[in-house]
Each structure stands twice: as C-alpha cells, then as structure tokens.
Amino acid sequence: FRTAPIRGVRLVAVQPLIGELARCPHLGQLRRLDLTGNQIGSSGVKELGRSASRTGLRGLDLSGNALGALGVQELAAWPERDAIRELGLRANGLTRESLDSLLRAYPRLESLALSDNELGPEGLANAGGTRELRRLAVAGCGLKKLATARIESLESLDLARNDLGPAGGNWSFYIVDDT
C-alpha cells in the first residue's frame with residue numbers, strides 16, 4: 001500500500017484468517033474485495049461485517065463461500081451497506097427467499113451476480129429493490145420465467161443454463177440505449 005494505490009484485491013485461502021482480515025486496517029483502502037471460493041460461510045460474513053475498516057468497499061465478491069440463507073442475513077445486517085454497488089454471490093446455496101431479503105437490504109446495487117444458485121422457476125418474479133441494476137447474472141438458477149421483475153436500468157442480463165422459452169433458453173442480453 002505504500003508503493004501503489006491498490007484499490008482492489010482478490011484473496012485466496014483466507015478462511016482460517018478471516019478474523020485477522022476483518023481487523024486489517026488496509027481493508028479500508030480497498031474499493032473492491034474478491035474472496036471467491038474461500039468457504040468463509042455465514043460466520044466469515046459476520047466477522048467482516050464487524051470490521052470498521054471495510055467501509056470504503058464498493059464491490060464485494062463472495063461467490064463460492066457457502067453462505068446460504070444465514071450468510072445473506074449477516075450480509076443484510078452490515079452497517080453502511082448502501083456503499084456497495086457490485087455484489088457477487090454465485091454458487092452460495094441461495095434461494096428465492098434469501099434473494100428477497102438481500103434485495104431489500106441492498107437497494108442501490110448496480111451489478112449482481114447470482115448464477116448457480118437455486119432461485120427456482122419464479123426467480124426474479126416481482127423482485128423488489130432491483131430498479132438500479134445495470135448488470136444481472138442469473139445463469140443456472142433454475143428459472144422458467146422472469147415474469148414481472150422490473151429492472152428499468154438493465155444493460156446486461158445473463159440467463160444462460162435456465163429453462164426459459166420454447167427452446168430452453170440459453171440467452172444473454174446486452175441492452176444498448178442509442179438515444
């Protein structure tokens with residue numbers, strides 16, 4: 001941190017050191033933290049949530065960390081969570097119910113990666129708190145329809161590996177506004 005203005009970092013094998021990481025003062029200098037695949041679970045999310053140093057984070061990737069519903073509850077309880085704009089939660093055992101509470105807790109998300117969670121056939125139907133999303137990845141989530149989810153500012157949508165439409169749907173959309 002003395003030699004370069006590091007603003008993002010990806011850490012591996014930190015599960016046994018998550019408490020130490022949460023207390024690290026350098027965490028406060030980061031804008032993006034990627035802990036993909038560390039299996040920190042809900043207790044790790046709780047530990048990070050107690051950290052006074054993580055208030056500058058704008059992007060957080062907790063994909064592949066076995067969070068489940070309890071981990072999402074811990075994430076929803078983080079103070080200053082309004083600063084987070086990008087959230088990665090791929091492959092965490094999330095359900096539709098945990099998604100609803102997450103979206104209520106993080107209403108200002110611009111990017112959300114939920115791929116490989118079993119959100120079920122309704123998926124994002126009637127999901128609240130998604131109006132500012134620009135990027136959404138829900139590949140492999142067991143979706144059968146998007147129904148009435150209102151995502152007015154969406155630019156990118158990944159629907160691959162879902163059973164959508166007559167051909168099974170393996171779609172990714174990129175919406176371009178030329179106005």
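Analyst: Let us begin with a term: buried means under 20% relative accessible area, exposed over 50%, and partly exposed in between, using a 1.4 Å probe and protein chains only. This is a predicted model, in which local features need pLDDT of at least 70 and side-chain atom pairs count only at pLDDT 80 or more, while totals for chains, interfaces and linings use all residues. Residues are numbered from 1 along each chain as its sequence is written, and side-chain values use heavy atoms, with hydrogens and water left out.

User: OK, is Arg161 buried or exposed?

Analyst: Arg161 counts as exposed because its relative accessibility is 51%. Its place is in the loop between strand E7 (156–158) and strand E8 (172–174), where helices (H or I, at least four residues) and strands (E, at least two) are DSSP runs, numbered from the N terminus. Arg161 also has a positive phi of about 60 degrees, although it is not a glycine.

User: Which residue forms a salt bridge with Arg161?

Analyst: That residue is Asp116, and the closest N and O atoms of the pair are 2.7 Å apart. The pair links distant parts of the chain, 45 residues apart, since Asp116 sits in the loop between strand E5 (111–113) and E6 whereas Arg161 sits in the loop between E7 and E8. Asp116 counts as partly exposed, at 38% relative accessibility. By salt bridge I mean a side-chain nitrogen of Lys or Arg within 4 Å of a carboxyl oxygen of Asp or Glu.

User: And how many salt bridges does the whole structure have?

Analyst: A search of the whole structure finds 9 salt bridges. One of the pairs is Glu86 with Arg135, whose closest N and O atoms are 3.6 Å apart. Glu86 lies in strand E4 and Arg135 in strand E6 (residues 135–137), so this pair ties together parts that are 49 residues apart in sequence. Glu86 is partly exposed with a relative accessible area of 32%, and Arg135 is partly exposed as well, with 26%.

User: What about Asp163 and Lys144, how far apart are they, N to O?

Analyst: The side chains of Asp163 and Lys144 meet in a salt bridge at 3.0 Å, N to O. Asp163 lies in the loop between E7 and E8, and Lys144 in the loop between E6 and E7, so the pair ties together parts that are 19 residues apart in sequence. Asp163 counts as partly exposed at 44% relative accessibility, and Lys144 is partly exposed with a relative accessible area of 48%.

User: Which residues are linked in a network of salt bridges?

Analyst: Arg85, Glu110 and Arg134 are linked in such a network.

User: Switching topic, where does Ser111 lie, and what is it in contact with?

Analyst: Ser111 lies in strand E5 and is buried, with a relative accessible area of 15%. Leaving aside its neighbours within four places in sequence, Ser111 is in contact (heavy atoms within 4.5 Å) with Arg85, Glu86, Leu87, Leu133 and Arg135.

User: Last one: which residues of helix H3 are buried, and what covers them?

Analyst: In helix H3 (residues 68–76), the buried residues are Gly68, Gly71, Val72, Glu74, Leu75 and Ala76. What covers these buried residues of H3 includes helix H2 (41–49), strand E3 (59–61), E4 and H4.
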